[in-house]
Amino acid sequence: MLPMPVRMFGLLSLAFCSTLLWAQSTQQPSLQQAYASNFLIGAALNSPQILEKNPVEAALIRKEFNAYTPENAMKSVNIHPAWDRYNFAMADSLVSLGLRQKKQVNGHTLIWHNQLSAFAQQIKDIDSFKTFFRDHITTIAQRYDGKIHSWDVVNEALEEDGSMRKSIFLEKLGPDYVTEAFRLAAKATPQSELYYNDYNIEQPAKRQGCIRLIKSIQDAGVKIDGVGIQGHWHLGRVPLKAIEESILAFHALGLKVMITELDIEVLPRNFTGADPSKRMTADASTNPYTQGLPPEQLSQQAADYAALFKLLLKHRDKVTRVTFWGVHDGQSWLNNWPIRGRTNHPLLFDRSLAPKPAYQAIIDLRP
């Protein structure tokens with residue numbers, strides 16, 4: 001058996017050759033080229049991708065996408081691990097990558113109740129928590145003013161019925177914390193666009209709650225530029241009608257609309273949405289595609305993505321960006337949620353970085 005470094009180099013070379021042959025054999029544009037006159041095509045990057053550790057992945061990312069979002073690098077637990085300590089290294093690397101490659105960088109996220117730094121969760125004093133809230137937003141947003149195009153200022157502040165989520169921010173700061181977060185962000189980074197980001201806000205009840213929340217920010221005279229519909233949807237059940245109604249409703253408020261975390265899950269799940277706290281119990285039926293996605297499911301996924309992009313093209317005057325939550329199936333967060341260790345297939349590129357039928361379906365829609 002070959003030594004591990006030699007075997008790994010051989011596998012990498014094979015993957016690189018396969019990708020190169022695919023690229024050379026096609027006389028079609030990349031995703032970003034195909035949609036250049038419509039909206040940006042983005043991807044969420046993990047830390048190895050930000051650092052370009054894998055040259056094959058790095059080449060594919062640069063070729064296909066023109067907008068980058070950090071998957072985890074800018075979340076509180078990573079960028080602000082202690083009261084008096086920030087860790088900007090990975091976020092700085094992403095900003096540098098974007099500037100070097102002339103890609104749009106979208107910050108994610110300033111305020112979120114999940115992946116919140118442990119020290120912040122333990123703050124008991126209200127005034128101290130207010131100080132954390134103010135300093136966290138101001139310090140991070142100011143650092144990247146003029147370098148980051150946009151921020152998901154607040155993430156997932158709503159319950160499914162459209163009411164305010166019972167989060168630590170609501171408990172400590174009251175219902176106006178969202179408006180205050182946007183006020184602080186607008187002051188700290190006047191050159192960035194500011195968005196509210198959430199899942200299931202295409203659904204009627206949660207959509208109405210989102211509209212109320214946005215209007216409360218606007219009524220306070222505070223800047224908000226757009227809303228991100230996350231887009232964690234399921235095979236054969238993409239809610240096209242509700243998505244269109246939401247695009248129209250948010251645009252009517254004077255906002256830009258983005259699909260910010262797109263993937264189409266293929267594995268069974270007994271609930272909708274993307275709440276990280278929800279879990280399922282594994283059994284024989286919950287991980288059926290460990291050897292790859294069968295043709296029927298590949299075809300359905302391609303049809304789902306095509307129908308979605310057809311809708312988005314219809315509203316190209318309202319939608320400014322579509323970002324996939326990951327580059328390829330192997331890195332998707334859905335491999336480990338809501339059941340750890342599953343083999344999921346929600347994205348346009350498979351684990352070998354080869355384009356799936358869904359990729360071609362989207363390319364074929366280009367105007």
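1. A residue is called buried here when its relative accessible area is under 20%, exposed when it is over 50%, and partly exposed in between. Gln-301 has 0% relative accessibility, so it counts as buried. The model is a predicted one, and every value below is computed from it.

2. When residues up to four places away in sequence are set aside, Gln-301 touches Leu-235, Ile-264, Val-266, Leu-293, His-345, Pro-346, Leu-347, Lys-356 and Ala-358.

3. For the chain as a whole, the model contains 14 helices and nine strands. Its radius of gyration is 20 Å, close to the 21 Å given by the globule rule for 367 residues, so the chain is as compact as a globular protein of that length. Taken along the principal axes, the box filled by the C-alpha atoms is roughly 60 × 45 × 45 Å.

4. Two further figures describe the chain. Of its 367 residues, 55% are buried. Among contacts with a separation of 6 or more, 79% are between residues 24 or more positions apart.

5. The packing of helices comes next. In general, two packed helices are described by the angle between their axes and the distance between the axes. Helix α12 (residues 240-252) packs with α13 at an angle of about 20°, and their axes are 11 Å apart. Angles under 35 degrees count as roughly parallel, and α12 and α13 are therefore roughly parallel to each other. Their crossing is right-handed.

6. Which residues of α12 and α13 meet? From α12 come Leu-240, Ile-243, Glu-244 and Ile-247, and from α13 come Ala-307, Leu-308, Leu-311, Leu-312 and Lys-314. By class, the contact of α12 with α13 has seven nonpolar residues, no polar residues and two charged residues.

7. The crossing in which α10 passes α11 is right-handed.

8. In this second pair, Val-178, Thr-179 and Phe-182 of α10 meet Leu-213, Ser-216 and Ile-217 of α11. The contact of α10 with α11 is made up of four nonpolar residues, two polar residues and no charged ones.

9. Gln-104 may be considered next. It is located in strand β3, residues 104-111. Its relative accessible area is 19%, and Gln-104 is therefore buried, given that the cut-off is under 20%. Apart from neighbours within four places in sequence, Gln-104 is in contact with Leu-40, Asn-66, Ala-67, Tyr-68, His-149 and Arg-321. Between Gln-104 and Ser-163 there are 59 positions in sequence and 33 Å in space, C-alpha to C-alpha.

10. The backbone also calls for comment. Most residues other than glycine have a negative phi, and most peptide bonds are trans. In strand β3, where Thr-109 lies, the bond joining His-108 and Thr-109 is cis, with omega about -5°. A cis peptide bond also runs from Trp-337 to Pro-338, with omega near 0°. Pro-338 is placed in the loop between β9 (319-324) and α14 (357-364).

11. Where does Leu-353 lie, and is this residue buried or exposed? Leu-353 is found in the loop between β9 and α14. At 6% relative accessibility, this leucine counts as buried. Its phi is near 75°, a positive value in a residue other than glycine.

12. Glu-52 is not a glycine either, yet its phi is positive, at about 55°. This residue sits in the loop between α3 (47-50) and α4 (55-64). With a relative accessible area of 31%, Glu-52 is partly exposed.

Definitions and conventions. Residues numbered from 1 in each chain as written. Predicted model: local features only at pLDDT ≥ 70, side-chain atom pairs only at ≥ 80, totals over all residues. Heavy atoms only, no water. Left-handed = near helix turned anticlockwise from the far one by under 90°. Helix = DSSP H or I, 4+ residues; strand = E, 2+ residues; numbered from the N terminus. Contact = heavy atoms within 4.5 Å. Nonpolar A, V, L, I, M, F, W, Y, C, P; charged D, E, K, R; others polar. Rg over C-alpha atoms; globule rule 2.2 N^0.38 Å. Buried < 20%, exposed > 50% of the residue type's maximum accessible area, 1.4 Å probe, protein only. Axes fitted to C-alpha atoms, helices over the stretch in contact; angles between N-to-C directions. Parallel < 35°, antiparallel > 145°, perpendicular 65-115°, else oblique.
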